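Work through the exercises below. Try each task before reading its solution.

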Amino acid sequence: MSAVYINSASCISVQDTLKDHFFQDLTADQSVQILKAVEPNYKEFIPPAMSRRMSKTVKMSSVASHYALKEAGIEKPDAIIVGTGMGCSQDSEKFLKNVIDNNEEFLTPTFFIQSTHNTVAGQIALGLQCHAYNFTYVNTSSSLEFSFLDAQLQINDGEAENVLVGAADEQTNRTMELYCLNNTIKKEDDLPADYLHSDTDGVIWGEGAAFFVLGKDKTENAYAKLRDIQIINRLDLQETQSFVGDFLAKNNLKSEDIDAVILGFSGDRESDVYYTKAMDLFQNSSLLYYKHLSGEFNTASGFSTFMACHILKGQQIPEVMMINSEKKAEVKNILLYNHLRGSDHSLMLLEKA
């Protein structure tokens with residue numbers, strides 16, 4: 001499959017990533033259980049009457065997609081593809097609460113209609129009056145990667161030239177309570193979290209939305225070339241290095257050709273061992289991590305892809321992401337490796353545009 005170009009990148013996250021020159025202000029808060037996204041003033045983008053009826057995911061995605069399209073200089077994309085793990089879970093919770101409170105009678109359908117996972121892609125299309133291909137992927141932690149693969153196929157098959165691709169997930173009170181109860185989220189006694197050498201279970205949870213415009217042609221402001229993606233649902237720990245090595249070999253690369261590796265260390269001792277195994281392959285590469293800046297969530301790889309795009313374009317690596325002290329004179333190839341609690345492993349290869 002031919003490579004495609006990432007011509008714009010926008011992100012709403014726990015960091016203030018919408019502003020210019022955000023690299024200097026990246027900070028890690030490792031002493032709270034849940035990290036909230038830094039949200040923009042939605043009134044500047046969405047009429048208040050509409051905003052009140054939108055969930056957080058839809059609002060974050062609407063603004064992030066607006067920035068991505070504006071940067072790429074595109075009014076209407078040829079396709080809109082969105083990945084999400086949890087969808088519009090705030091509205092799902094509201095609907096289920098109404099079912100209980102009203103004894104399953106006299107229910108308004110609004111919350112149910114807005115709770116479906118494809119609401120995000122649908123609302124973006126409505127706002128743009130875009131009637132093109134519109135698709136949503138719900139594949140837990142590899143939702144963005146599947147969306148990128150679909151966009152690559154659309155472009156390679158000649159169905160589209162510019163595709164808006166994004167991923168978003170929000171937090172909800174009840175889900176966060178349940179995650180605390182089943183130890184998905186770290187106990188307060190285990191904070192502050194040690195992301196790289198954790199001896200405790202659980203993660204710090206985050207949220208966010210990241211959107212990109214993928215194009216057939218490289219533009220003047222292109223961030224990166226999307227070379228290849230590989231996804232596997234289950235992986236034995238002993239197979240980690242061959243999984244990564246085979247992926248590189250498929251792209252005619254060796255480990256020494258990778259200038260930087262972005263790993264999804266989450267502070268969960270049971271699942272982070274995969275990243276430790278993968279690290280051993282890259283003795284001469286810059287080793288980076290990012291979930292101390294974004295928190296863990298289903299589509300956290302959107303944040304790492306956004307950071308990788310800026311590293312390739314600006315040729316600068318933030319110190320706060322460094323695991324080792326290795327720095328190449330030029331960053332040409334970046335490998336991203338992510339999974340969620342040991343499932344849905346994904347590799348993404350980005351090259352300097």
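Contact means heavy atoms within 4.5 Å. This is a predicted model, where local features need pLDDT of at least 70, side-chain atom pairs count only at pLDDT 80 or more, and totals for chains, interfaces and linings use all residues. Residues are numbered from 1 along each chain as its sequence is written, and side-chain values use heavy atoms, with hydrogens and water left out.

**Exercise 1.** List what Ile311 is in contact with, leaving aside its neighbours within four places in sequence.

Solution. Start at Ile311. Its partners are Phe23, Ile262, Leu288, Gln316, Ile317, Pro318, Met321, Val331 and Ile334.

**Exercise 2.** Find the members of the largest nonpolar core that touch the most other members. Then explain where this core lies.

Solution. First, the term: a nonpolar core is a set of buried (under 20% relative accessible area, 1.4 Å probe, protein chains only) Ala, Val, Leu, Ile, Met, Phe, Trp, Tyr and Cys residues joined through side-chain atoms within 4.5 Å. Next, the members: the core has 53 residues, and Phe148, Phe212, Leu214, Ile311, Ile334 and Leu350 touch the most others. Helix H11 (residues 301-314; a DSSP run of H or I, at least four residues) gives the most, seven residues. Last, the place: domain 1 (4-215) and domain 2 (224-352) both contribute, so the core lies between them. These bounds come from an automatic or database domain assignment.

**Exercise 3.** Trace the order of the strands in the open sheet.

Solution. Strands are DSSP runs of E, at least two residues. They pair if DSSP finds at least two bridges between them. The order is E3-E2-E4-E5-E1-E6-E10-E9-E7-E8, with mixed pairing. E3 (133-137) and E8 (286-289) are the edges, each pairing on one side only.

Methods
Buried means under 20% relative accessible area, exposed over 50%, partly exposed in between (1.4 Å probe, protein chains only).
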